[in-house]
Amino acid sequence: MNERLNAITMRLTEHLHSVITEFQVTENELRTALNFLTEVGKSREYQLLSDVLHVSIAVDNITHAANHDDKSTESNVEGPLYRDEAPIMSPPVNICSVEGTDDEILYVSGQVFSSEDGRPLANAVLDVWQANGKGDYENEDPTQPDYNLRGALLTDENGRYEFRTVVPAPYEIGKGGPVGEFLKEIDRHAWRPAHIHFKLSQAGYKSVTTMLFINDDPWIDNDSIGAVKESLILKIEECNDPKEMSSRGINRKFYTSEYDFILSPEKVSITKNKEEYSIR
Ligand code: BEZ
Ligand code: FE
């Protein structure tokens, strides 16, 4: 017998019964709920339902705490829009293949460090993906080129990375499906604050999937999937300096931001009172 599954089921059942009693749930409401769950399955929206109920981020927090040391960059959900095999780009990296005139140019740079001894990590891979200045991902928007705003880049010998992109816009999730209808019914919005997704990896270190949120976004305190974390907020700064513009070969204002990532080693052994402790 699966004892853990048994224990979770018992506790979940207790909680369900207490909610049913508290709200005196009717036959009609039960039927509506069951029909809703059937539609969610048919529309393949269980992952999205888990996201908007903030279940995905709660499980992600537990997973990260169990597998990474507490100095490492906090993780976040991957979301459904990741694509494998983003093009590997060499410096100077620009992940945006078509910049609209309304798009704000953004440079993101920083370093990747080891949580063990703080040393910079060369050749760490940053796999990046994001929405454009209208809040659309390329694989959901036929007007964008294939793999636009996606790219994989490596840190240099000092653990440094830099890429050019555009400031992403916030966007709504689950429009048009049963989860979207459910959110409307309970008067909850579906907005996600603007963000850039990252998957970081380096041999001998634990990979981290995370996202960085644009600091002044109107939805920053009210993410529909509850995934904003203070440590993952990217402060972007405007630059109007003509000298800076010409050194970057551009003729309009742009934005810059700095963010350092920290990865934990696959296995750290700490010797303490002659005993070996392993952080796994
Ligand atoms: C995203 O950030 O791409 C995302 C996350 C959860 C649900 C939908 C989209
Ligand atoms: Fe996203």
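Colleague: Which residues of α4 are buried, and how do they lie about the helix axis?

Modeller: This is a predicted model. Taking under 20% relative accessible area as buried, the buried residues of α4 are S56, I57, D60 and H64. Seen down the axis of α4, these fall within an arc of 90 degrees, so they line one face of the helix.

Colleague: What span does α4 reach from its first C-alpha to its last?

Modeller: Helix α4 runs over residues 55–67, which is 13 residues. At 1.5 Å a residue the expected value is 18 Å, and the model comes close to that, at 19 Å.

Colleague: Which side chains have a polar atom at 2.7 Å or 3.1 Å from an oxygen atom of ligand 1?

Modeller: The residues around ligand 1 include Y171, R192 and H195. An N or O atom in the Y171 side chain is 2.7 Å from a ligand 1 oxygen, and for R192 a polar side-chain atom lies at 2.7 Å from one. At 3.1 Å from an oxygen atom of ligand 1 there is a polar side-chain atom of H195.

Colleague: What percentage of the area of ligand 1 does the protein bury?

Modeller: Ligand 1 taken alone exposes 260 Å². Of that area, the protein buries 97%.

Definitions and conventions: Residues numbered from 1 in each chain as written. Chains lettered and ligands numbered in written order. Predicted model: local features only at pLDDT ≥ 70, side-chain atom pairs only at ≥ 80, totals over all residues. Heavy atoms only, no water. Helix = DSSP H or I, 4+ residues; strand = E, 2+ residues; numbered from the N terminus. Expected span 1.5 Å × (residues − 1). Buried < 20%, exposed > 50% of the residue type's maximum accessible area, 1.4 Å probe, protein only. Arc of directions from axis to C-beta. Near = heavy atom within 4 Å. Polar contact = N/O pair within 3.5 Å; in protein donor to acceptor, adjacent residues only side chain to side chain. Areas by Shrake-Rupley, 256 points an atom, 1.4 Å probe, with all protein chains shown as cover.
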